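Hello,

Here is the structure I said I would pass on. My notes on it follow below.

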Amino acid sequence: MGSGAGQKRNVIRLFSVTAFLVMLCGTAFAACQQNAVTLRGDWGQARFTVEIADTAEERGRGLMFRENLPQSSGMLFVYDEPQTLSFWMKNTLIELDMIFLDKTGTVRSIHHRAQPGDLQPKSSGGNLLAVLEINGGLSKSLGISVGSEMRHPAFSDGPAAWPC
């Protein structure tokens with residue numbers, strides 16, 4: 001009977017380890033989906049559901065003509081190569097925070113509360129790969145700051161500061 005009980009314990013342990021690995025892999029997978037970004041810093045973490053703008057047409061339209069943006073949503077503008085990026089608010093109806101990121105997914109600057117319709121370009125220097133737009137004022141209220149790191153597949157060639 002001791003042998004059967006030992007086998008049963010081993011099966012239970014194997015099942016527990018397998019369930020843990022499935023949960024762990026599922027968590028890692030969920031953390032790196034195309035339609036979501038996670039930011040982290042000494043302030044904590046924040047996750048946003050995002051639309052990806054990675055073609056010239058999508059980037060040109062951006063969030064124009066939208067009357068609202070859900071609180072935990074945004075748009076991630078992704079470019080093929082690091083470059084100088086400049087954004088404006090033409091035809092944009094909602095206040096936005098623009099979070100500028102380098103190829104590692106590290107936040108290099110933030111333009112807070114860009115005003116609807118403002119045609120003045122918001123630039124953040126060179127060597128940038130992406131910009132995350134979220135509701136205006138949200139980055140300050142969450143504590144997102146320069147040096148924060150973003151996890152998303154777009155930074156996989158980085159090398160990413162926070163790999164998937």
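In which sense do strand β1 and β9 pair, and over how many bridges? Strand β1 (residues 36-41) and β9 pair in the antiparallel sense, over three bridges. Strands here are DSSP runs of E with at least two residues, helices are runs of H or I with at least four residues, and both are numbered from the N terminus. Two strands pair if DSSP finds at least two bridges between them.

Before the rest, a note on the source. This is a predicted model, in which local features need pLDDT of at least 70 and side-chain atom pairs count only at pLDDT 80 or more, while totals for chains, interfaces and linings use all residues. Residues are numbered from 1 along each chain as its sequence is written, and side-chain values use heavy atoms, with hydrogens and water left out.

Overall layout

The chain has three helices and nine strands. Read from the N terminus, the order of elements is α-β-β-α-β-β-β-β-β-β-α-β. Of the 164 residues in the chain, 38% are buried; buried means under 20% relative accessible area, exposed means over 50%, and partly exposed is in between (1.4 Å probe, protein chains only). The accessible surface of the chain is about 9,200 Å², and carbon and sulfur atoms account for 56% of that surface. Accessible areas come from the Shrake-Rupley method with a 1.4 Å probe, and for residues only the protein chains shown count as cover. Among contacts between residues at least 6 apart in sequence, 70% join residues at least 24 apart, where a contact means heavy atoms within 4.5 Å.

The sheet

Seven strands form an open sheet with mixed pairing, in the order β6-β5-β8-β3-β2-β1-β9. β6 (107-114) and β9 (149-151) each have a single partner strand and stand at the edges, so one side of each has no neighbour in the sheet. From one strand to the next the twist averages 30°; the axes behind such angles are lines fitted to C-alpha atoms (for helices, over the stretch in contact), and angles run from 0 to 180 degrees between N-to-C directions.

Strand β8 (residues 128-135) is mostly covered, with eight of its eight residues buried. β3 and β8 run antiparallel and are joined by five bridges; Q83 has L128 in β8 as its bridge partner. β5 and β8 also run antiparallel, joined by six bridges, and here I99 has L132 in β8 as its bridge partner.

Salt bridges

The structure holds five salt bridges, a salt bridge being a side-chain nitrogen of Lys or Arg within 4 Å of a carboxyl oxygen of Asp or Glu. Three of them are described here.

- R40 and E149: R40 stands opposite E149 in β9, and the two form a salt bridge with their closest N and O atoms 2.8 Å apart. The pair links distant parts of the chain, with R40 in strand β1 and E149 in strand β9, 109 residues apart. R40 is partly exposed, at 28% relative accessibility.
- R66 and E51: their side chains meet in a salt bridge of 2.8 Å, N to O. R66 lies in the loop between α2 (56-61) and β3, and E51 in strand β2 (residues 44-53), 15 residues apart. R66 is partly exposed at 26% relative accessibility, and E51 is partly exposed at a relative accessible area of 34%.
- K122 and D118: the side chains meet in a salt bridge of 2.5 Å, N to O. K122 counts as buried because its relative accessibility is 7%, whereas D118, at 27%, counts as partly exposed.

Aromatic pairs

A search of the whole structure finds two aromatic pairs. Rings of Phe, Tyr and Trp (its six-membered ring) pair if their centres lie within 6.5 Å; planes under 30 degrees apart count as stacked, over 60 as edge-to-face and the rest as tilted.

The ring centres of F77 and F87 are 4.9 Å apart and the planes stand at 90°, so this pair is edge-to-face. F77 lies in strand β3 (residues 73-83) and F87 in strand β4 (residues 86-87), so the pair ties together parts that are 10 residues apart in sequence. F77 and F87 are both buried.

F87 also forms an edge-to-face pair with F100, at 6.1 Å centre to centre and 90° between the planes. This pair links F87 in strand β4 to F100 in strand β5 (residues 96-101), 13 residues apart. F100 is buried, as is F87. F77, F87 and F100 form one aromatic cluster.

Regards
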